[in-house]
Amino acid sequence: MNFVSKSFLFFSFILLTLFLVTPVLAFNKPVPPKAPSAPSAPEVPAPPDVDGIYDVPERPGMKVKVFAHPAKPKTPPKPGSSPSPSPSAAVSNLLACGLTDPDSSSVVTKAGWKIPAGNITYLLNTSSVPTSVGKTNLPAIVKAGFDQYNLATGGIVNFVKGPDTTVSRARLDGKNIVTWGRASSGTLGVTYIWYYPSTGLAVEIDTVMNTRYKWTWSNSNSCADSTTYDAQNIMTHELGHWLGLSDEYNAGAFSNNTMYGYGSVNEVKKNTLTTGDISGVAAIYSP
Ligand SMILES: [Ca+2]
Ligand SMILES: [Zn+2]
């Protein structure tokens with residue numbers, strides 16, 4: 001056996017020994033104590049985007065209410081009629097004007113929380129906004145919505161726009177966000193309110209507008225696109241949940257209220273609050 005063969009055998013023996021012994025060593029190796037947890041709070045799993053009230057893991061006493069919003073049900077198409085356009089179809093611009101905005105005195109129900117008096121900072125994910133709405137329009141759309149509620153609370157709550165965010169999912173993360181993002185196919189938008197039922201105070205609120213639907217912004221209270229959902233129309237409704245208003249599904253009493261639970265294309269009447277929406281907010285924030 002020459003030197004090379006001897007060396008080969010020797011190293012093969014060493015490698016084989018290491019291979020056989022290493023797992024045993026690894027198994028017997030004492031496990032180092034876990035490093036103390038990072039200073040940032042662990043991420044709380046997201047609640048489902050399904051209407052309901054849920055417990056919040058690791059937050060005893062806290063609940064999260066989820067409002068999911070169906071589009072207004074349509075009568076089923078007659079046999080042989082053409083199918084409705086797919087969500088991926090190009091956004092058309094069929095502006096219909098002369099839309100009416102009837103008042104309603106039906107008072108919207110309290111949901112069970114209010115925003116503490118003072119400043120509340122909201123973060124906008126402008127980069128998430130569909131191009132058919134325009135990302136530079138989001139601050140104006142959200143401000144127009146909050147302005148409606150400022151009047152109704154008498155200025156007890158002050159909504160302050162913070163820096164933009166890139167967060168596009170609802171999470172208990174210390175940020176109140178407004179974003180477009182993924183949501184179930186049955187809902188136009190979803191608003192999440194983390195709150196303590198014992199104090200009746202909201203802790204954090206997120207709104208996610210569903211990217212599955214087609215959106216535009218008419219920037220008008222009397223004109224709307226006939227084939228898409230108006231961003232301000234639905235946003236103003238969602239922001240009503242921030243203030244503590246419920247959804248109302250009784251069409252006979254509430255179909256003209258901002259807090260009517262269904263949204264439609266060709267609709268901007270939710271942009272402005274009815275007497276009954278204002279009374280609902282006033283009841284929550286009256287001293
Ligand atoms: Ca959040
Ligand atoms: Zn709602």
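This is a predicted model: local features need pLDDT of at least 70, side-chain atom pairs count only at pLDDT 80 or more; totals for chains, interfaces and linings use all residues.
Residues are numbered from 1 along each chain as its sequence is written, while chains are lettered from A and ligands numbered from 1 in the order in which they are written.

**Exercise 1.** State how many helices and strands the protein chain has.

Solution. Helices (H or I, at least four residues) and strands (E, at least two) are DSSP runs, numbered from the N terminus. The protein chain has five helices and 11 strands.

**Exercise 2.** Decide whether Thr166 is buried or exposed, and find where Thr166 lies.

Solution. Step one: a residue is buried if 20 or more other C-beta atoms lie within 10 Å of its own, exposed if 12 or fewer, and partly exposed in between, with C-beta atoms placed from the backbone. Thr166 has 11 C-beta neighbours inside 10 Å, so Thr166 is exposed. Step two: the loop between strand 5 (157–161) and strand 6 (177–181) holds Thr166.

**Exercise 3.** Place Ile177 in the secondary structure, classify its burial and list its contacts beyond four places in sequence.

Solution. Step one: Ile177 belongs to strand 6. Step two: Ile177 is buried because 26 other C-beta atoms lie within 10 Å. Step three: two residues are in contact if their C-beta atoms, placed from the backbone, lie within 7 Å. Leaving out residues up to four places away in sequence, Ile177 touches Leu123, Asn125, Thr165, Val167 and Asp206. Step four: from C-alpha to C-alpha, Ile177 and Leu123 are 4.8 Å apart in space, and 54 residues apart in sequence.
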